[in-house]
Amino acid sequence: MTITTPNGFTLDPSGKRVVIDPVTRIEGHLRLEVNVDSANVIRNAVSVGTMWRGLEMILKDRDPRDAWAFTQRICGVCTGTHALTSVRAVEAALGIPIPENANTIRNIMQATLYTHDHLVHFYHLHALDWVDVLSALKADPNATSALARSLSSWPLSSPGYFKDLQLRLTRFVESGQLGPFKNGYWGHPAYKLPPEANLMAVAHYLEALTFQKEIVKIHTVFGGKNPHPNWLVGGVPSAINVDSVGAVGAVNMERLDLVSSIIDRAIEFIEQVYIPDLLAVASFYKDWAQWGGGLAGRNLLCYGDFPEKANDYGADNLAFPRGAIIDGNLNEIHQVSLDDPDQIREFVTHSWYKYPDEGKGLHPYDGITEPNFVLGPATEGKKTDIRRIDEGAKYSYLKAPRWRGHAMEVGPLARWVMGYAQGRPDYKEPTDAVLKKLGVPVGALFSTLGRTAARGLECQWSAHKLKGYFNKLMATLKAGDFATANADKWEPASWPRAARGSGFSEAPRGALGHWVQIADGRIANYQCVVPTTWNGSPRDPQGNIGAYEAALLGTPMADPSRPLEILRTIHSFDPCLACSTHIMGPDGQEKAVVRVL
Amino acid sequence: MGDATFYDLFRRQGISRRSILKFCGLTAASLGLPPAAAAQIAQALETKPRIPVLWLHGLECTCCSESFIRSGHPLVKDVVLSMISLDYDDTIMAAAGHQAEAIIEEIVETYKGRYIVAVEGNPPLANDGMYCIVGGKPFVERLRYACRDAQAVIAWGSCASNGCVQAARPNPTQATPVHKVITDKPIVKVPGCPPIAEVMTGVISYILTFERLPELDRQGRPMMFYSQRIHDKCYRRAHFDAGQYVEKWDDENARKGFCLYKMGCKGPTTYNACSTVGWNDGISFPIKSGHGCIGCSEEGFWDKGPFYSRLTQVAGFGIEANADTIGRTAATGALAVAAVHGGLSAVKRLRDTRQRDKDEQG
């Protein structure tokens, strides 16, 4: 029996059911269930968010100046982006402009996150989907060296370097204790890299693990620590002093030099290691340009980010594009507004929450969340031992956000296609260069491979933006402007009795929005709609499927009991479940009704 | 081969004995141990197999894992390849689904009493534990199973140690720290949101090296990292003592690096190593970058805010008037110093009282 969804996908849940729980190498807890046909092609996919924390309920009645710290703890991987979104929402509500330097430093913080997060995703969350660690033991170190030198001028490329690494890896494997590589899908027929490419990739996996900790030191300079640096409503907390008494107690020349040197090293690592690796790996997996597209060729959503000038959040002032693309029509970019009640709405028909009228979606300003963990009649197992979920009923802790009723994909691919469609040269030129290098058409972008490539391009883009923002900060300082915070409206007595505002950003995983209502100096309501809620969304009342579910359809699996192909596509989205499943409205109650029918 | 020692592994991996000894020296230094301890560490590495570690994730944000991989000494690649056997960690492991689940069972069965469970996040107990589901079952069930035959449990971060943000009022999911669920195993709490990277790897190095858990305080935290307040070793302490405070964000005093006490800094009541070990290879810590400490390693810190209200609002603290006076007049006289130190004693008294209350409750 097949079902055609309103958004044009055909689902057939009749074949063998494959369950992957936990999905690993992601943030948080996700379960996937798919049905495969007799040829092991995925014909139905079910994305189940399996955790819920209730942070927005916890935010009620708090001081809005503290909200950034709470919301930052939504996610420690995309650390900072929720905090940034939160201070923007509170500043929007209270009408607080920030100094130019504060805007620049926030852009530096955000670009640092992008540079770090995408690098870590590629090597430590995604690479093992493409790289067979055990195959690396069979590589010829001389040939590996030759391969590495043909791709890049990165100096760690001698035969001896790869030989030593291979020896260390061999001893590690021979110990019988494989640690994080234990029970991996080594030898799976879907692995295509030759041993030499695998050895080179393992070397870079380890190098990237050591290098990533350098990038975040920029957060540490301006925010005091990473993960979870500090932020401030009205600006940034790090005062700057480069030439007078006490400069050593503030951000001074030595600190700025440190930031500058890290930026240069990050650009070097990305351009000499990450991008060449990405292209090399992609060249062996061009078939992945035909799978994993899902919503990508149809519906894409971006809020935009990186305001070039302070206090102007209009699309023209943003380095990241804003807009919506519907039905794959790249010639028409729709305007996006977080405050328009008709645009963004969340549905709960298939989510473990309850609305008074579940046929209707609610805009985040009016959001309600009341947990309602109910399993459908076709569930196999029992409440505390679910063996097969019933997607005909409620089946996820993620809500289903929709833009004007459409399920949307968000994230690096959405941003790159949006920038490409808008004809922005900083998106179009590198994208065209990669397509040309791989010898694939522009349509190849709408795929697992395209998503992974877009993330790499974005990492390179962000590292260069980082340098640009740093230079801008230095230019402003040279012009004599050292201001980093506006404390005029710091005291709650200066606030209106009631106010509301929205803040947005592009998290590495996609469009992120916070909506805050303030009454008598306290938070009256706080809502977040986050990227993984869009991408990992369950079905809506009309039966439209979300991006994860759509992307898995049509993918052939070599061996459904070793679900490497599913991991490839799901990891290409870089899931973050702690982000997506924290939603709790002001009227939320602890009265989950649980029954298994 | 499964019982190869660290030393064997290092040597087989082509690392010289000289390098190994250097590593041991650095480890000793990072733990604040005398140079003689380096030999003890080297001895330990030569004779011990890698301990399997099951790193479980409950309700959390993964900041602890992210912090862990920031460790500068030892590097995480060396921790994972040469010190422990990190057989299960959802965040980085290659396997997923059944292949991942099978590992927990295998380690629990094979290494009875000889493995460590590291917990990031905590189990929610409301809704039969089904606010955090792993493998179709409540996380709390898997936590209990994995801990059953563990040698020890490490509670990473404030979630596992104290409950942290999801346990803040009104704690909708009944998120519960690990020690309230696992009651029959030694538990090392490493609080912080997240903990400092080198504190995390330092705890592991210590356990491996000395074959014992570090000495813990009454709350279960390693004394070596959590026995002093941020304030005790803060580089801005002199400004506190001199009555020099930041009065407003980005004011002249902020640009001189004065004390953040009036901006709500919780350094005086927070026990952690931030002002000594520092963050991210010691680059900075919150106060050094201009923001007060929010007390993220203290139990219930989310409910002790707002973060920007100064500690004097805590009942029984009582030095607000003195600090205000000092700040306004920039007085540096003996009277002011005496007043400030009076305040400090009050902090200590408060701390002691809190501790006593906790002990009595516990």
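Helices (H or I, at least four residues) and strands (E, at least two) are DSSP runs, numbered from the N terminus. The model on screen is predicted: local features need pLDDT of at least 70, side-chain atom pairs count only at pLDDT 80 or more, and totals for chains, interfaces and linings use all residues. Residues are numbered from 1 along each chain as its sequence is written, while chains are lettered from A and ligands numbered from 1 in the order in which they are written.

**Stop 1: A:N7**

Select A:N7. This residue sits in the loop between strand 1 (3–4) and strand 2 (10–11) of chain A. A:N7 counts as buried because it has 21 C-beta neighbours inside 10 Å. (Buried takes 20 or more other C-beta atoms within 10 Å, exposed 12 or fewer, partly exposed in between; C-beta atoms are placed from the backbone.) Now show its contacts, meaning residues whose C-beta atoms, placed from the backbone, lie within 7 Å. Leaving out residues up to four places away in sequence, A:N7 touches A:A407, A:N544 and A:I545. Then pick A:Q72, 65 residues from A:N7 along the chain: the two C-alpha atoms are separated by 34 Å.

**Stop 2: two helices of chain A**

Select helix 4 (residues 100–126) and helix 7 (residues 195–215) of chain A. They pack at an angle of about 160°, with axes 10 Å apart. (Axes are lines fitted to C-alpha atoms, for helices over the stretch in contact, and angles run from 0 to 180 degrees between N-to-C directions.) That angle makes helix 4 of chain A roughly antiparallel to helix 7 of chain A, a label for angles over 145 degrees. Show side chains next. From helix 4 of chain A, the residues in the contact include A:H116 and A:Y123; from helix 7 of chain A, they include A:Y205 and A:Q212. The contact divides into 7 nonpolar, 6 polar and no charged residues. (Ala, Val, Leu, Ile, Met, Phe, Trp, Tyr, Cys and Pro count as nonpolar, Asp, Glu, Lys and Arg as charged, and the others, Gly among them, as polar.)

**Stop 3: a sheet in chain A**

Move to the open sheet of 3 strands in chain A, with order 15-16-17 and antiparallel pairing. Two strands pair if DSSP finds at least two bridges between them. Strand 15 (498–507) and strand 17 (522–529) of chain A are the edges, each pairing on one side only. Neighbouring strands here are turned by 15° against each other on average, direction ignored. Strand 16 (residues 510–519) of chain A is joined to strand 17 of chain A by 7 bridges. Find A:W515: it stands opposite A:Q527 in strand 17 of chain A.

**Stop 4: strand 3 of chain B**

Switch to chain B, which has 14 helices and 7 strands. Select strand 3 (residues 116–120): 5 of its 5 residues are buried. B:I116, B:A118 and B:E120 point one way, B:V117 and B:V119 the other. Strand 1 (residues 51–57) of chain B pairs with strand 3 of chain B in the parallel sense over 5 bridges, and B:L56 stands opposite B:V119. Strand 6 (residues 152–156) of chain B also pairs with strand 3 of chain B in the parallel sense. There, B:W156 is the bridge partner of B:E120.

**Stop 5: where the chains meet**

Show both chains. The contact takes 84 residues from chain B and 94 residues from chain A. Helix 6 of chain B gives the largest share of chain B's side, 5 residues. That side has 43 nonpolar, 23 polar and 18 charged residues.

Terms used. Two residues are in contact if their C-beta atoms, placed from the backbone, lie within 7 Å. Angles under 35 degrees count as roughly parallel, over 145 as roughly antiparallel, 65 to 115 as roughly perpendicular and the rest as oblique.
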